[in-house]
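Subject: Structure handover

Hello,

Please find the structure for your files below. My notes on it come after.

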Amino acid sequence: ILLYLLAAVLGVVVCRSLRLPPALGYLAVGVLVGPNALSLAQRSESRAIAYLAEFGVVFLMFVIGLDFSLPKLRSMQRLVFGLGAGQVLLTLAGAAIGNLMLITAFSLLGRAWELSWQGAVALGAAMAMSSTAIVAKMMAERLELESEHGRNVMGVLLFQDLAVVPLLVLIPSLAQGG
């Protein structure tokens, strides 16, 4: 655990010296130290590492939650359901239209494009999501949450968080067969 904490501190120091957000340092250290890159964390320790990672996510969400209040969220209602819904729907539509364009282009070349419309919807749903925790933390560090673009971004992020549940229900129902 001390090795992981030391690596996290060093990652933040490097990112701060490069004028990058500290969250990027935490992500880079997690990828490098984890069981897949440098393998400093052995697979036998994966359960303990998973608990440590979940603990970090809980703290991150707690810190983000301190910045929001219910009246503030109510005041952002138009941004959340207008701009946020627009972003998610446009991304889903863009993925579906892009899939149709690829099907047409490949058929003109005499080949088959093997992504079904269900796969395109699932891909569009994945592309429509972003990490509220990371983006909100970065914007808070830059003191941009109260700016106009900060409110717009938070509106989109909050709708994405709400859209995750219906999308998680929708995607398995699109599956064909097993």
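Predicted model: local features only at pLDDT ≥ 70, side-chain atom pairs only at ≥ 80, totals over all residues.

Residues are numbered from 1 along each chain as its sequence is written, and side-chain values use heavy atoms, with hydrogens and water left out.

Overall make-up

The protein has eight helices and zero strands; helices (H or I, at least four residues) and strands (E, at least two) are DSSP runs, numbered from the N terminus. Of its 178 residues, 26% count as buried, where buried means under 20% relative accessible area, exposed over 50%, and partly exposed in between (1.4 Å probe, protein chains only). Contact means heavy atoms within 4.5 Å. Among contacts between residues at least 6 apart in sequence, 63% join residues at least 24 apart.

Helix packing

Helix 5 (residues 77-108) and helix 6 (residues 117-128) have axes that come within 8 Å and cross at roughly 140°. Axes here are lines fitted to C-alpha atoms, for helices over the stretch in contact, and angles run from 0 to 180 degrees between N-to-C directions. The crossing of helix 5 and helix 6 is right-handed (near helix turned clockwise from the far one by less than a right angle; anticlockwise is left-handed). On the helix 5 side the contact is made by Gln87, Val88, Thr91, Leu92, Ala95, Ala96 and Asn99, and on the helix 6 side by Trp117, Ala120, Val121, Gly124, Ala125, Met127 and Ala128. These residues divide into ten nonpolar, four polar and no charged. Nonpolar covers Ala, Val, Leu, Ile, Met, Phe, Trp, Tyr, Cys and Pro, charged covers Asp, Glu, Lys and Arg, and the others, Gly among them, are polar.

Helix 6 also packs with helix 8, at an angle of about 160° and with the axes 10 Å apart. That makes helix 6 roughly antiparallel to helix 8 (over 145 degrees; under 35 is roughly parallel, 65 to 115 roughly perpendicular, the rest oblique). The crossing of helix 6 and helix 8 is left-handed. Residues in this contact include Trp117, Val121 and Ala125 of helix 6 and Leu167, Leu170 and Ile171 of helix 8. The division is nine nonpolar, two polar and no charged.

Aromatic pairs

There are two aromatic pairs. Rings of Phe, Tyr and Trp (its six-membered ring) pair if their centres lie within 6.5 Å; planes under 30 degrees apart count as stacked, over 60 as edge-to-face and the rest as tilted.

Phe81 and Phe159 are edge-to-face, at 6.2 Å centre to centre and 80° between the planes. Phe81 is in helix 5 and Phe159 in helix 8 (residues 148-174), 78 residues apart, and the pair links distant parts of the chain. Phe159 is buried, at 17% relative accessible area. The rings of Phe106 and Trp113 have centres 5.0 Å apart and planes at 55°, so that pair is tilted. Phe106 is partly exposed at 24%, and Trp113 is partly exposed at 31%.

Two single residues

Leu79, in helix 5, is buried with a relative accessible area of 18%. Leaving aside neighbours within four places in sequence, Leu79 is in contact with Gly84, Arg151, Asn152 and Gly155. Leu79 and Phe159 are 80 residues apart in sequence and 8.7 Å apart in space, C-alpha to C-alpha.

Ser131 lies in the loop between helix 6 and helix 7 (132-141) and is partly exposed at 32%.

Regards
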